[in-house]
Structures are given as C-alpha cells and as structure tokens.
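Hi,

Here is the structure I promised to pass on.

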Amino acid sequence: MTKRLDLRVDFAFKSLFGTHGNESILAAFLNAALRFPDEKKIHKVQLLDPHFNKENQEDKRSILDVHAQLEDGSRVNIEIQLNNKHDMEKRTLYYWSKMYSSQMKEGMDYGELCKTITINIVNFRYLSHIHDYHSTFQLYEREQKLLLTDMIEIHFMELPKLLIKWRNKEVDPREDQLVRWLLLLEASEDEEITHVLEEIAMQEDQVLKKAMDEWERVSQDPEVILAYEARRKALLDEKSALRRAENQGEAKALRTVILSMTEKGMNPTDIAGLTGIPEETIKKLLQQ
C-alpha cells in the first residue's frame with residue numbers, strides 16, 4: 001500500500017477537505033464537528049477564496065486553511081496546527097475577526113452579517129484544565145451565563161487528548177462521527193486506526209470511503225507529494241526553531257536564578273548541591 005500523506009500537515013488536510021470536488025467530505029466533517037440536529041444538517045458547502053487575508057506576512061499562511069460558506073450563509077474557517085506557538089487564542093480571534101468583517105460590503109446593513117465559526121485542530125495539548133478533546137467557546141455574560149450572540153463560535157479539537165481516549169477505549173469511531181474524522185488525521189501513523197476506519201467505510205459510511213479513496217489518490221500524485229514534502233519540511237524547521245527558542249528561554253531563566261543565588265554569596269558548588277544542576281553547567285551559565 002502507498003504511504004499516505006500525513007493529514008495533520010495543513011497542506012495535506014486542505015488537499016482532502018478543502019479541494020473542489022470534495023465538498024461532500026467537508027460537509028460530513030462539519031456536520032460531525034458542529035453537531036447540528038438532523039433538521040439542520042449541512043447538505044452543501046461552498047469553498048471560499050482562501051486569500052481573504054492579505055495585510056501582512058503572517059496572513060499568507062491562511063491559504064492553507066479551509067474556508068467555506070454554509071447554506072444559511074454562515075462562514076467557517078478550519079485551521080490545523082502542528083506546532084504550539086503559544087498564541088492560539090489571539091490567532092484564532094484574529095482570523096475570526098478577519099473572516100467576519102470580510103463579509104461587509106458597501107451599503108450592507110450590519111444585520112446581514114452571518115455567523116462565523118473557527119475550528120482549530122491542534123496536534124498538542126492546549127487547554128490543560130479541560131479534559132475533553134473538543135471544546136466550544138461563545139460569548140456569555142459572566143454571572144448569568146447568558147449567551148450574548150451566536151454569531152461567534154470558536155472550536156478547539158486537541159488530537160493528543162483524543163488519542164488517549166481512543167487507547168483507553170473511551171471513544172468509539174463507530175458511534176461518534178467526529179471521532180472517526182479526527183482519527184482519520186492520525187491514521188497515517190497508526191495501522192490499527194486505519195483498519196478500523198476502513199471497516200467503517202466499507203460497512204456503513206460512504207462519505208468516509210470516498211475520503212479514504214481520495215486520500216489514497218492524492219498520496220500518489222507526484223505534484224501533490226512534492227508540495228507536501230516542502231510544506232512538511234517547513235513545519236519541521238519551524239518546530240526545531242520553536243524548540244531552540246524555548247530552550248534558550250529556559251536557559252535565560254535558569255541563569256537569572258543562578259545569578260541571584262551567587263549574589264547572595266553562594267558558590268557554584270553550593271548551588272549544584274542545592275539544585276542538582278551539574279557544577280560545570282552552572283559555571284558555563286555564569287560565564288555567558
């Protein structure tokens with residue numbers, strides 16, 4: 001079998017969920033993600049121009065998001081994020097505001113603006129104080145818990161939390177459609193998940209079967225593979241840069257503590273004995 005693209009890479013995700021001809025796949029994912037009742041199920045989605053952001057360098061990556069409009073006019077932005085840049089809440093508010101305001105045309109009334117939804121699929125633990133893998137945020141009055149408006153809706157889907165639940169048999173892709181779609185993003189690295197999803201696709205879920213067939217097809221397309229590998233390398237480089245920055249930040253904080261201890265009359269040997277940090281490391285930090 002062909003090695004399939006890692007759908008956690010935003011380019012691969014968009015190749016499957018955000019490409020013309022695959023609207024039924026995107027609709028199935030959104031029905032699962034947004035938990036609409038049967039009478040409000042999405043039947044059609046329209047893919048939108050991905051270039052609604054053009055103001056700065058960071059906006060350029062929005063072309064790898066999936067932007068769509070639902071039948072009732074609601075706008076949806078889906079972003080998949082491999083690396084934690086520690087800016088997700090500000091980032092998602094920024095993209096939400098850009099997508100919401102981009103609806104406004106000359107002569108248009110504010111009442112014509114439609115609901116705007118952002119979905120953030122992240123490959124790291126983000127909301128440490130929340131156990132669930134899927135969290136939804138809206139605007140509420142703090143004391144009364146009264147919803148101000150349903151025009152804003154922000155979702156976070158944390159893949160590591162889902163995998164833990166999957167391994168502990170706390171979730172079942174046969175019973176929960178969102179679980180099966182999110183596990184699909186992990187399937188390239190997990191044969192058991194792939195096998196289970198293939199069974200579901202063959203037995204009961206024709207749209208999932210279409211998605212897996214299309215996933216197989218794009219994974220053999222030379223042009224797609226070339227662009228995918230370039231994007232994957234860029235993400236790996238970004239991850240390395242973030243790790244270096246974090247390590248440098250930790251070293252700086254550690255040096256500050258050691259300097260403080262030195263100013264209080266402690267020598268490297270005493271500091272090493274108290275902290276467990278090797279004496280040579282302490283000396284190197286003091287020499288920086």
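In helix 4 (residues 159-167), the buried residues are Leu159, Lys161, Leu162, Leu163, Lys165 and Trp166. Buried here is under 20% relative accessible area, exposed is over 50%, and partly exposed is in between, using a 1.4 Å probe and protein chains only. Helices (H or I, at least four residues) and strands (E, at least two) are DSSP runs, numbered from the N terminus.

A word on the source: this is a predicted model, where local features need pLDDT of at least 70 and side-chain atom pairs count only at pLDDT 80 or more, while totals for chains, interfaces and linings use all residues. Residues are numbered from 1 along each chain as its sequence is written, and side-chain values use heavy atoms, with hydrogens and water left out.

Back to helix 4: the cover over its buried residues includes strand 4 (116-122), strand 6 (147-158), helix 5 (177-184) and helix 6 (191-203). Just after helix 4, Lys169 has a positive phi of about 60 degrees.

The other spot to check is Thr136, which sits in strand 5 (residues 134-140). Thr136 is partly exposed, at 41% relative accessible area. Strand 5 runs antiparallel to strand 6, with six bridges joining them; strands pair if DSSP finds at least two bridges between them.

Cheers

Note on methods: Contact means heavy atoms within 4.5 Å.
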